[in-house]
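Please examine the sequence and the structure shown below. The paragraphs that follow lead through selected regions in turn.

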Amino acid sequence: MPNAYQGNSLYSFDPMMGQLEVIEPGIAMFHGYANSAFAYGRGEMLAVDTSSRTMGAMAVARIREVTAEPFAFLIYSHGLGDHAFGTEAFIRDAIARGFARPKIWAHEDVAGRFDLFRMTRGWHSHVNRMQFGNASAADEIFGDDTFSYPDLTYRGTQFLDLAGEPVELHHAMAETDDATWVWMPARRLAMVGDLIVSAMPNTGNPNKAQRYTLEWAQALERIAHRKPQYVLPGHGPAYQGEQMCEELLTETARALRYVHDEVVQRLNAGQWPIDIVEANIALPDDLADKPFLKPVYGCVPFIVRDVIRRYAGWWSGEPSQMLPAPRREHCEDLIALCGRDAILARARSLMEAGELRRALSLAEVALNADKEDAEPRALNAEILEAIVSSERSFIARNFFAAAAKQLRNHAM
Ligand SMILES: [Zn+2]
């Protein structure tokens, strides 16, 4: 349903943005930039994730429409901004209602992640403005009140008691190394954060820290082993029914393992990273067709990069790229040989033939030879805009769009 938040949404493909989904009495999920999951009904409540800095208050307001129970625990599924930065609103709610301050639980590495964000805040703000395609929303991710550090942390597994009901926290490595999935055995309820994002898992985000493809698959398999009746994900709708949950968990794990194993097999056969990237590894059709594995945020080529980076370092295998000549000099050499106009003409004809990646590579040669030359600037922007119109990955699309915009702005 349309609402006021869709226009300013980082994840505008969630049609429930800003709403509370009550799955059954005692189990609910708020849809913000990321979801917040709630378990309640026994006199106390827990929340898995507190939404983002700007949406925490709305998450609290929505859950307060269905229950007045105090928050006993706020549990971070991991330390990223769309999940763990809305905590202030939850604390304010407890103070306003005269409740005890909720205990914030997280894996022990979340605090280190917060420290890292504070150290590299400028870089993350810069990348987020492009990645999310929305500068003002990206700028709102970090603020002075952003970091509510965990009160209590654990390492492998932690058992909690929610008004007499057992709650288990399990550590996982997945999108981050500090992930937690929460299991409530009496309800067969798994609250899994970004272990499930209702799309292709986002491993290999181009300008973010290392992610953990194989461990991600293993965590999903461990959750499936518990045979959940409900899976509440970090993004997208709640999943219900043992069969649906099993398919979601095991098929997502199978997709990650497929890409992981394809890359590892090639590395072991002595292929260079650049050759593996160019092999265009793709999922088998039966996996690619799954509605919960669409490459609308992350995508398979990014996962390939993530696995390579994890095991094989940064060098592509191309000798010229070990200690590279400056791009400008290399491109000036090509222009001297071929001529600027011939290169631009060829790039344009490739674009018109729909060979957009090849067109971009060639147009970049002319641009890198002379960044101030207006014609290659305009052609590069045009090719990037054509790529944007057909690219399915939200992340890739936004980075291409940001690059085109930079070229266009400079031209004015
Ligand atoms: Zn997320």
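Lys-227 lies in the loop between α7 and β12; helices (H or I, at least four residues) and strands (E, at least two) are DSSP runs numbered from the N terminus. The model is predicted, so local features need pLDDT of at least 70 and side-chain atom pairs count only at pLDDT 80 or more, while totals for chains, interfaces and linings use all residues. Residues are numbered from 1 along each chain as its sequence is written, and side-chain values use heavy atoms, with hydrogens and water left out. The phi of Lys-227 is near 55°, a positive value in a residue other than glycine. Most residues other than glycine have a negative phi. Lys-227 is partly exposed, its relative accessible area being 41%; buried means under 20% relative accessible area, exposed over 50%, and partly exposed in between, with a 1.4 Å probe and protein chains only.

A positive phi also occurs in Ala-163, where the value is near 50°. Ala-163 belongs to the loop between β8 (157-162) and β9 (165-172), and with a relative accessible area of 29% this residue is partly exposed.

The axes of α7 and helix α8 (residues 242-268) come within 8 Å and cross at roughly 155°; axes are lines fitted to C-alpha atoms, for helices over the stretch in contact, and angles run from 0 to 180 degrees between N-to-C directions. The two helices, α7 and α8, are therefore roughly antiparallel to each other. Angles under 35 degrees count as roughly parallel, over 145 as roughly antiparallel, 65 to 115 as roughly perpendicular and the rest as oblique. The crossing of α7 past α8 is left-handed, a term used if the near helix is turned anticlockwise from the far one by less than a right angle, with right-handed used if clockwise. Among the residues that make this contact are Trp-216, Leu-220 and Ile-223 of α7 and Leu-249, Ala-253 and Leu-256 of α8; contact means heavy atoms within 4.5 Å.

Helix α14 (residues 356-369) and helix α15 (residues 374-390) have axes that come within 9 Å and cross at roughly 155°. That angle makes α14 roughly antiparallel to α15. The crossing of α14 past α15 is left-handed. The contact includes Leu-356, Leu-360 and Leu-367 of α14, together with Leu-379, Ile-383 and Ile-387 of α15.

Which protein residues are the donors of the zinc ion? They are Asp-82 (OD), His-83 (NE2), Asp-194 (OD) and His-235 (NE2), lying 2.1 to 2.4 Å from the ion. Donors are N, O and S atoms within 2.8 Å of the metal (3.2 Å for Na, K and Ca); water is not among the atoms, so sites may look incomplete. Asp-194 lies in the loop between β11 (189-193) and α7 (213-225), and His-235 in the loop between β12 (230-233) and β13 (239-240), so the pair ties together parts that are 41 residues apart in sequence. Asp-194 is buried at a relative accessible area of 5%, and His-235 is buried at 7%. The four donor atoms subtend angles of 89 to 158° around the zinc ion, which makes the arrangement irregular. Four donors count as tetrahedral if all angles lie between 85 and 135 degrees; four count as square planar and six as octahedral if opposite donors are over 155 degrees apart and all others between 65 and 115; anything else is irregular.

The buried residues of α1 are Gly-56, Met-58, Ala-59, Val-60 and Ile-63, and what covers them includes β1 (20-24), β2 (27-31), β3, β4, β5 and α3. Val-60 has a relative accessibility of 8% and counts as buried. Leaving aside neighbours within four places in sequence, Val-60 is in contact with Ala-89, Phe-90 and Asp-93. These three are among the buried residues of helix α3 (residues 87-97), which also include Thr-87, Ile-91 and Ala-94. The cover over the buried residues of α3 includes β3 (35-39), α1 (56-63), α2 (81-84) and β6 (103-107). Just after α3, Gly-98 takes a positive phi of about 75°.
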